[in-house]
Amino acid sequence: MDFSDVQNAKGSSKSFPKHETRHVSEHKNAARCARFSLDGRFVATGSADTSIKLFEVSKIKQMMLPDSRDGPVRPVIRTFYDHLQPINDLDFHPQSTVLISGAKDHTIKFFDFSKTVAKRAFRVIQDTHNVRSVSFHPSGEFLLAGTDHQIPHLYDVNTFQCYLSANVPEMGANGAINQVRYTATGGMYVTASKDGSIRVWDGVTAQCVRPIVAAHGKAEATSATFTKDQRFVLSCGKDSCVKLWEVGTGRLMKQYIGAAHTQLRCQAVFNDTEEFVLSVDEQGNEIVIWDALTAEKVAKWPSNHVGAPRWLEHSPTEAAFVSCGTDRSVRFWKENL
């Protein structure tokens, strides 16, 4: 997506294609988070029941076909049980068959999903805080943890050495990090914090290079992610706003409004082409879609969850996304072909 003239984007909005949706699995408690692998072949979900489910996307699609002649398709290919408290976030290693999870039990756990019988982690990082968010560096050699601590924790994956930024910007009392995400190259990372701020950090020096204080006013910033070209950050907050920021200047470029989210750790995500932005309207229990360039609302669909979904995650490779609910269910959405 070319956001180069994002300020002056006029003209008609694109229409978002119709999707079909299917309930694909259920946890024993709230489904709290989801993540796709970089190649889009797998998606994992984490729950308040402390379990992690790993799905093969091709099997989900097979399950959604009207005539599955081979009997019931089982899209869940692995289930991992090794945490003591709810799972907050997940990420896939960029090159290998490793899935990591961050949880309220202050740990980051490493699971090898090439092994069919392993239910437990083969490595564990013990953090000092509730691990709210995790993100692998594109090299796979480092990972970031966003925790109840206001500074991101940078870990060397091989030694488990933890590095903290030396220059800490002025931060409010409640700087707990809701989300941390690397750019595609690892040159920068972004944090979304409970104090309402978005902060961009240098991936090499770990210094905060662009603080956007009160990006969501006094409301929590709940998600933040870079565009593929690394020039913009899309953020979401409990002020019911989704915003697009220019990294170089910290300027607000776009606001996507009309979806109320004040309770849950709501996500705003791009679709795979970055032509659309998706988020959740908690009051209407709907999934809301905007044209990324014009910021016009182009669709809103019933979520099909009981109660509003708490997490949305879009496939990086195709027109498909996942929604997770307090109703314990995981739903898969894909474009009607």
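**Exercise 1. Determine whether W301 is buried or exposed.**

Solution. The relative accessible area of W301 is 12%. Buried means under 20%, exposed over 50% and partly exposed in between, with a 1.4 Å probe and protein chains only. W301 is therefore buried. This is a predicted model, in which local features need pLDDT of at least 70, side-chain atom pairs count only at pLDDT 80 or more, and totals for chains, interfaces and linings use all residues. Residues are numbered from 1 along each chain as its sequence is written, and side-chain values use heavy atoms, with hydrogens and water left out.

**Exercise 2. Classify the ring pair of W301 and W333.**

Solution. Step 1: a pair of aromatic rings is described by the distance of the centres and the angle of the planes. Step 2: rings of Phe, Tyr and Trp (its six-membered ring) pair if their centres lie within 6.5 Å; planes under 30 degrees apart count as stacked, over 60 as edge-to-face and the rest as tilted. Step 3: the centres of W301 and W333 are 6.1 Å apart and the planes stand at 15 degrees, so the pair is stacked.

**Exercise 3. Locate W301 and W333 in the chain, and state which aromatic cluster includes them.**

Solution. Step 1: strands (E, at least two residues) are DSSP runs, numbered from the N terminus. Step 2: W301 belongs to strand β25 (residues 297-302) and W333 to strand β28 (residues 329-335). Step 3: W333 is buried, at 2% relative accessibility. Step 4: W301 and W333 form one aromatic cluster with F16, F276 and F321.

Note on methods:
Helix = DSSP H or I, 4+ residues; strand = E, 2+ residues; numbered from the N terminus.
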